[in-house]
Every structure is written in C-alpha cells, then in structure tokens.
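Have the structure open while you read.

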Number of protein chains: 2
Amino acid sequence: MPLPYPFKPLVAASALALLLIGQALAEAPGGALRGTGDLGVVIERASGSVALVDTSRREVLRHVEGFGDLSHASVKFTRDARYAFVFGRDGGLTKLDLLTGEIAGRIIQGGNSIGGAISQDGRFVAVGNYEPGGVKVFDTETMELVIDVPATYEKSDGSSAQAKVVGVVDVPGNMFVFSLFEAGEIWTLDMSQDEPELSKFRDVGSMPYDALITPNGRYYIAGLFGEDGMALLDLWHPESGVQRILPDYGQGEERLPVYKMPHLEGWAMAGDRAFFPAVGRNEVLVADTTDWSLTHRIGVHGQPIFVMSRPDERQVWVTFAHPLNDKVQVIDTQTLEVIETLEPGESILHKEFTPRGEHIWISARDSNQVVVYDTRTFEELARLPAESPSGIFFTHRAHQIGL
Amino acid sequence: MPLPYPFKPLVAASALALLLIGQALAEAPGGALRGTGDLGVVIERASGSVALVDTSRREVLRHVEGFGDLSHASVKFTRDARYAFVFGRDGGLTKLDLLTGEIAGRIIQGGNSIGGAISQDGRFVAVGNYEPGGVKVFDTETMELVIDVPATYEKSDGSSAQAKVVGVVDVPGNMFVFSLFEAGEIWTLDMSQDEPELSKFRDVGSMPYDALITPNGRYYIAGLFGEDGMALLDLWHPESGVQRILPDYGQGEERLPVYKMPHLEGWAMAGDRAFFPAVGRNEVLVADTTDWSLTHRIGVHGQPIFVMSRPDERQVWVTFAHPLNDKVQVIDTQTLEVIETLEPGESILHKEFTPRGEHIWISARDSNQVVVYDTRTFEELARLPAESPSGIFFTHRAHQIGL
C-alpha cells in the first residue's frame, strides 16, 4: 500500500537521518575510541590473516584477512601506535589500522621481503628484499616510495650482482642498518638529511644471514652462515669498522644437525650479559658484553630459536627448533639455571612479553592457540583461538629502538 | 505559525534522528579516532590545567582545566595509554581522557599528595600522601578505594605517628615500594594476591626524601635528607635488607648552599654507569653500578636537579636549580664532557625525551613555553605556548617499569 503523500518527506528525512547516523557510526564497529597502548597483532600464517588482540582483556578482538603470504612475516608499528606495517614473504607491505581493523594500504613492493624497520622519527618504513635484493624506503603516511637502494655489489670476478638483504633495523640518528647476504657487507642508510647517505662496510664475513641491534641501538651484530664468529659494528664508532666477535660461534663447534638457524633478533641482554642461541647445540650461550667473550653454556631442552629476556631482565625464555618445539624453558639470569619448563601446545613458534613483563603470550601453531602465562607464577591465564599463529607483536615496540 | 499536523511526526522523527546523530558524533569533537602512542601532557601549574600534546606534529592539541593545585604535580598513564592520572598537591587525583580531553574522574583522596604509581598489571593506582601520611590504592577503572595503608610508625618515645610518604614506585610482581620520611623506613606493598601484603624495612637512614627505581625494577634507592649516603633495597633479594651506598653523598661534602634538593627520579643509567645530581655542588656525579662506588665528578653550570639519559644512553641532559635555571647542559656519556649548553628560556623546570630519543621537550616556566630540540643537531624545532609549564610526560611511560 502506497503511503499518503504527506508521509513521504518524513520517510525521506528519516532515511537521510539514518544514513547520516550510519555514517557517524560507521567508524564505531571497528573504530570505537580506545587507547592503543594495549593492542597487538598475531600473525596467522596459514590463512594470510592477523588476529588483533587486546593484552589487558587477553582477548582476540577480530581477525583481519588479506595480507598475502605471511610465512616468516614480521610487524612494525607506527610512531602513534595506531598502524601496524606487516612485511609479507610475497613482497607485500600492508598497513593495518588497529582501530578500525581495516587495511589502510597495501602494495607489492618487491618479490620476496623478509622484514623491515621504521625510522626513529616515524616518517619512513624500510623493507629489506631477497628478490630483487635491496632496500626500499616508503613514507609511512602515504606509502609512496622515497628511495630505492639496490643491493648491488662487486663479485670476485669483477661483475656485479644483487645481494639478498637481511637484518634491517632502525637506529638513532634516523638511520637504517642492514646486511647483504651474498656480498658479506653491512650498509647504513642515513635518512636524517634530505639526501639520504649510504655507507658500506665490506668484507664483514661470509654470508650474514640475520642480525640484531642492542636495545640502546649501539651495537649491530650479524650472524654468519658461511663461517665462524659474528660481525659487530659499533655505531657510535663506525670509523673503527666491523670487528669479529665470538670466534667459535657456529661451524667451529662440534654439534648436532642444525634444524633451523636461530633467530638473532631475540637475543636477550641482561645487565652485562647477553644470552643467545647456540647453533646446532642444545645450549643457550652467555657472553660478557663488555668484551663479547663467551662465559657460560646452559644446557636446555633442544636447539634454541628465540632467547628473549623478560623486560626486568630477571628471566630468559627460550623456544626450540623442530622436532623439540613442544616446550618452552625459563632460565634465571642470576643462577643461570633452568627454573621452569612449560608445554603450551604443538609447534611453539614465537612469544612476546607484555610491556612491563607480567605476562607472556606464546603461539602454538599446530594447536591453533595463543597461550598467555603469568611470568611470576607460571600460571596459565588464557588460551586464545588463532589460525596457525606465528609472530606476536605488541604496540609498545613502537617506542623502542630497533623494534 | 503552527505546523500542520502531518508534518509533526516528520519534525519529531528528524529531531530524534538528529539527536541520535548528535549522540553518535558526541565523541567526535574531542574524540577523533587516533593512536595514543604519540600523546603527552604538560603540567601548567599556575592555571591548574594541562596541555595535551602530540609529539609527532609537535603541537598543543588543547588545554584542559580543572586539576586543582598542580605545583609539583606528576602523571602516570594507564596500561592502554588512553588515560593520564594526575597527582595534585592538594590531594586531588584526576583521571584525564587523552582522546576526548575530558576529565573522566576526580577525587580528593588526601590532604597533600606528592605522586604515585600504577601497578604492573595496570589495575591499581597508588597515591603517596603527606597529610595524612600513607598510601591509598584505587582501582584505575572505577577510581574506587581498594586499600588504605596509613604510614603509622613507632616513635623513639614509644608513641605512634603518621609519616609523610615519598618515592612511590611500581615494581615487577605487581608491587608498590615507598619511603616514610619521619620514620626512616621503606615499605613494599604486594598487590599480586587478593589480600595485599605489606613488608617493612626499618632504620634505613634518616629522613628519606625521594627515591628512584632502576629501569629494570631491581634497585630502589632512597635519598636521605638527615644524613649522608643513600639507602638501597635490592628487590631481587629483599632478605638482604637495606644497604647504605655512596657514603659521602650529601652532607659529607663541602658545598654551596643547597637551593633545592635534587630530584632522584631523573637518575640516568647508561650501561654500568649511573649519572646523578650532587647535593649543593655544581657537579654531576658518576657511580659504577656494579658496586655503587663514586667514580667521577663532572663540573656543570649549576646545581643539577634533573639528570636524565637519552634513551640510547649516549647523552645525559641536565637542568639546574634556581638561580642558574636558565640553561640546560648535555654530557657525552663516553667522554664525560659537557658537549652543549642550551638556553631554552627562563626557569627551566623539566624535560622529556620522545620515546626513541630523537627529540627532547623542555619546559621554560617563566617564558610560558615548551621548547623542542633535535637531540642530535641541537637545533630548535618548535616553541609551543603553555601556561607556566612544569612537568612533561609522554604516554610511552605506560609501558616502562617504574615510570
């Protein structure tokens, strides 16, 4: 039955009004006002999605799809802790709005990327690429390309080639530092001037495959796949060049078959001690950071992959390589003893402490769960659903050098 | 002219619709969606207001009034970095919503408070009081009183009294630590269980007047007004009790008239070195934190008040007591030399580094300005208006132990 004429404007006006309400509320479903200090993302590698999480309520807020290939994906947060940049294995660089849960931008910037970093001032995001090798720097706001730095190096026969880029980090002075795998070089890219400045350190060692930066941003340490030892660059004294440390680290040790090269980003620094994974041995190694000498070997459950310090440096938590990746162990940094062994689930891949360290979140990929523990009592606090969870990243990283 | 009947429902519906729109938009003016990682507050002591600031744009977003007496006010942020708790000198505890700019709660909880802390898990805010002496703990969400801990101690004549409470900090294990001025005691309050547990350390020294906690939350150090030296509590080994360190610190030194006791919260830790203000001398002192022995004295412009480390620990920035509070000096932590002297304005009161240290914000009270510098080039980047600015606090503190 058609409505009598006088009601038509009413309906129209109401519809308009409702439309306006709809617009005003449009931000609400994903965009309620909230602080972003207790948010985080969990990479769901099988489904190319991420779980957006709240560390205060210990809840998954939502799952967001459309990130492409997320195997070995990593995440950096913008300076305001609103957006996460997700670096995908397919060369995708995706900007996720943590407040609306929407993808705010996505580009395929290279063929095969393995991670990146956001500059100290928050303006630039750098991506390290395997294929073609090099670093691309984008504007974090517009995602426009700022500079493309091919990783071109001279081979021994005089020809030139492109190297895979690994271990991209940000350091104070608005610089990026990264390593060239085939070239055996470490480069710094200074973004503090309008004209970015590139510096190259050559012959640092054979095949740097990953790197770490100390929490104060001073020491850049690259692991070497092709020989023993590690390459250390003191960024406060670049004029001193790259030095070799820990000469027996790697091939020089008698060892088990290496199931997986350990990640270096997870190195734990506690006071003067650095705790780090042995290669191919069921040990966590301890070095004195004043002279980088090896001081202790701590026997653990398997070959360690991530060795991470609780924020107060009183504990170090260790995950292991396949096939012993069903357990997590906790080392007391004073006694150097294993004080706890936990079994959160199958295929433990990654872990992240809450900013002040009261909890730890652990991803158990084949259990499709993220498990939250109290780090003081080791009590299990929550078990959250996630699709093949791997990397876990919380927003406080936005405020830390090199994270 | 009255509207004909058929239009009445239309108007009513529109009005309702507009009302709904209004409600939906109500959050918008102060509450646009935004990350809270680059926000901060500047205390405006003369007007009892705070300036809400954005450290990415280097702008004052708005001024918010209604905080009461803000002389010596301090600020702590909630776990989600959405709210700031402002501790006023009049005993006021005010909760500011950084997103809407509105006061989300305000109580007068004591007669005269000097600061407080938020627990590791984010659930509790503790306030230390002068009058009456004690600590009150509130729920950070509801602001309801959780526990009232009077600072009652036994005097030498056997009678009991209440002491002023100073140096309230949070430490791992969901504990608060604080000092009792007249009593010469340090207490810990464990909030990790349903029944909070109080522990007392007696005879720690005469008149602890302020305290600091090391960045890892391990060492609580109280300055003593009534005698030389400082009181140190190793929270990893409370069974060892309180030890005395730096025996010559304070009265034992020949010195100038003391214009103002230095703040301890600003102690700079850089590697194994602690940089801290001498009492009544134009010096910054350096101690070796492995044995807390005094190793160096660095001559500076005036009597230092705040001695703060840039987040990468490469520089220490120093402000001074009246009448030499017109300058700020920068010390190189490797050479221990003063490398820069800046003159931001009149009556420099406080300073805060951006989370990764690229900038520093400095309050010049009598110039009614906050001045922002690049910490690498010492270039002045911005000069922002503020009413008699004092303390400056950025939200990344939410994620740091003891801040």
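Start with chain A on its own: among its contacts with a separation of 6 or more, 42% are between residues 24 or more positions apart. Keep in mind that this is a predicted model. In terms of secondary structure, chain A has two helices and 34 strands. As for burial, 59% of the 403 residues of chain A count as buried.

Now for the aromatics. Over all chains, the structure holds 14 aromatic pairs. One of them is A:Y219 with A:W292, an edge-to-face pair with 5.8 Å from centre to centre and 80° between the planes. Those two values are there because a pair of aromatic rings is described by the distance of the centres and the angle of the planes. The edge-to-face label holds here because the 80° between the planes is over the cut-off of 60 degrees.

Where do A:Y219 and A:W292 sit in the chain? A:Y219 belongs to strand β19 (residues 219–224) of chain A, while A:W292 is in the loop between β24 (283–288) and β25 (293–299) of chain A. The two are 73 residues apart, and their pair links distant parts of the chain. Buried or exposed, then, for A:Y219 and A:W292? Both A:Y219 and A:W292 are buried.

Elsewhere among the rings, A:W317, A:F353 and A:F378 make up one aromatic cluster. There are also lysines sitting over tyrosine faces, with one example in chain A and one in chain B:

| Lysine | Ring | Distance from the ring centre |
|---|---|---|
| A:K95 | A:Y83 | 4.5 Å |
| B:K95 | B:Y83 | 4.5 Å |

On to the interface. Chain A puts 59 residues into the contact, and chain B puts in 59 residues too. About 4,900 Å² is buried between chain A and chain B, with carbon and sulfur atoms giving 55% of that area.

What about polar links across it? Between chain A and chain B the count is four salt bridges. One of the salt bridges joins the side chains of B:D170 and A:R356, at 2.5 Å from N to O. If you look at polar contacts, 31 residue pairs turn up across the interface of chain A and chain B, with both residues at pLDDT 80 or more. And which element gives the most to the side of chain A that touches chain B? That's helix α1 (residues 7–26) of chain A, with nine residues.

Definitions and conventions: Residues numbered from 1 in each chain as written. Chains lettered and ligands numbered in written order. Predicted model: local features only at pLDDT ≥ 70, side-chain atom pairs only at ≥ 80, totals over all residues. Heavy atoms only, no water. Phe/Tyr/Trp six-rings, centres within 6.5 Å; stacked < 30°, edge-to-face > 60°. Helix = DSSP H or I, 4+ residues; strand = E, 2+ residues; numbered from the N terminus. Buried < 20%, exposed > 50% of the residue type's maximum accessible area, 1.4 Å probe, protein only. Lys NZ or Arg CZ within 6 Å of the ring centre and 35° of its normal. Contact = heavy atoms within 4.5 Å. Buried area = accessible area lost by both parts, 1.4 Å probe. Polar contact = N/O pair within 3.5 Å; in protein donor to acceptor, adjacent residues only side chain to side chain.
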